[in-house]
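Please look over the structure below before reading on, and keep it in view while the text leads you from the whole chain to single pairs of side chains.

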Amino acid sequence: MEYSKERVDQLRKNKLTVFEDLHYLKVEPSHICNRKCNFCGISHRESGMMTMETFNNLINGAGNSLKRIDFSLQGEPTLNPLLPDMIELVRNNYPDCQIMVISNMDKIKREGMEWLLYLYDRGLNILQADLYDNDTERWFLDDVRKHKEHFIKRDIALHNVYETNDNPFHYAGPKKKDIYYIVERSNHDDMVGKKNSARNIHTWGGNLPLDKWESYGLSLSDFPMKKKCTEPLKYATIRFNGEVAPCCFDGACTTIVGNVNDEPINDIWKGKNFQMIRLVASLGMREMMLPCILCNRLSFRIGLNPYWGNQYSLVEVTETLKGMQVLYKSEPLYGNLMVLRSISNIPLHIQELISNVR
């Protein structure tokens, strides 16, 4: 991958952030979930667990700049029995890396709080606990009190996100140990036509069924949005089978940039496919890509360079994107795009994908 040295030097001179090397991974240990939430738009096309071989390939190809890794994405990460080993491998290979797990806490509730403490002993330093019901909330707060001395011993701090406005996604480094818990305060039926203070609904790259959008006050006529996005520049998203997606909001698993079982993730990060995606995102051309055309994610970061690669023609970009994307009839995204096509002009290659649906 050829970078414009002049452009990079200029950005650095202006004290703008330039991530030439990969620094942040979002990893899906499990594409299986033990819940069916009405605001979730994850793909049900296939399920599976990440193997240790795939995870080793990922870590071995991540380079020397890795500073963050989140175990999250479309499945419940704690369902993969290899999660403790994965955490320990990252901690041993990248001692200065921040390691985070996002969990609905169901397995931890079943296994006991000792299992969570075990994850911290293996190298975890941040947990986001999504408490989706009252029973889970009661259990969590009671068990934290019961194990208070163990949390104190490990210097693990507790944060109620909606009371303190703490952000679990702010980089805190490898040493600080925290649990951020999010309580589901609002009943969905009471929030029709209102802003839900407990959850900002997003469309999962258009894969949330359309009737769920409407109940949260979103209208399909507002898409495609003409908003720039920096998600593809912040991190790489790795699915359970090693596939690399442009961002974590590709709910229908439509776009594959590469696979860590075939080439190092750092090479994929700097490669032509990712660069073209960044170019499209930085120009606000959401209609060009399936995960973006019906995505309502508003992504920004002050000082973050939107794009630092080569310039490509629209023809080059379109042809490359066509080779990376596929649409599945079994996914809600397909039906949503059919409706969008009837009310809005969309690019020819997207229409072709709709016609060639699998």
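The paragraphs that follow describe the chain as a whole, then its salt bridges, and then its cysteines.

This is a predicted model, in which local features need pLDDT of at least 70 and side-chain atom pairs count only at pLDDT 80 or more, while totals for chains, interfaces and linings use all residues. Residues are numbered from 1 along each chain as its sequence is written, and side-chain values use heavy atoms, with hydrogens and water left out.

The chain contains 16 helices and nine strands, where helices (H or I, at least four residues) and strands (E, at least two) are DSSP runs numbered from the N terminus. Of its 358 residues, 56% are buried; buried means under 20% relative accessible area, exposed means over 50%, and partly exposed lies in between, with a 1.4 Å probe and protein chains only. The chain exposes about 16400 Å², of which carbon and sulfur atoms supply 48%, these areas coming from the Shrake-Rupley method with a 1.4 Å probe, and for residues only the protein chains shown count as cover. Among contacts (heavy atoms within 4.5 Å) between residues at least 6 apart in sequence, 76% join residues at least 24 apart.

Side chains of opposite charge can pair when their charged atoms come close. The structure holds 16 salt bridges, each being a side-chain nitrogen of Lys or Arg within 4 Å of a carboxyl oxygen of Asp or Glu. In one of them, the side chains of Arg-122 and Asp-85 meet at 2.6 Å, N to O, and this pair links distant parts of the chain, since Arg-122 lies in helix H5 (residues 113-122) and Asp-85 in helix H3 (residues 83-93), 37 residues apart. Arg-122 counts as buried at 14% relative accessibility, whereas Asp-85, at 34%, is partly exposed. Another salt bridge joins Lys-212 and Asp-211 at 3.8 Å, N to O. Salt bridges that share partners also join Arg-45, Glu-46, Arg-239 and Glu-243 into one network, and within it the closest N and O atoms of Glu-46 and Arg-45 are 3.2 Å apart.

How many disulfides are there? With a disulfide taken as a pair of cysteine sulfur atoms within 2.5 Å, the count comes to zero. For Cys-247, the nearest cysteine sulfur is that of Cys-248, 5.4 Å away. Cys-247 is buried at 13% relative accessible area, and Cys-295 is buried at 7%.
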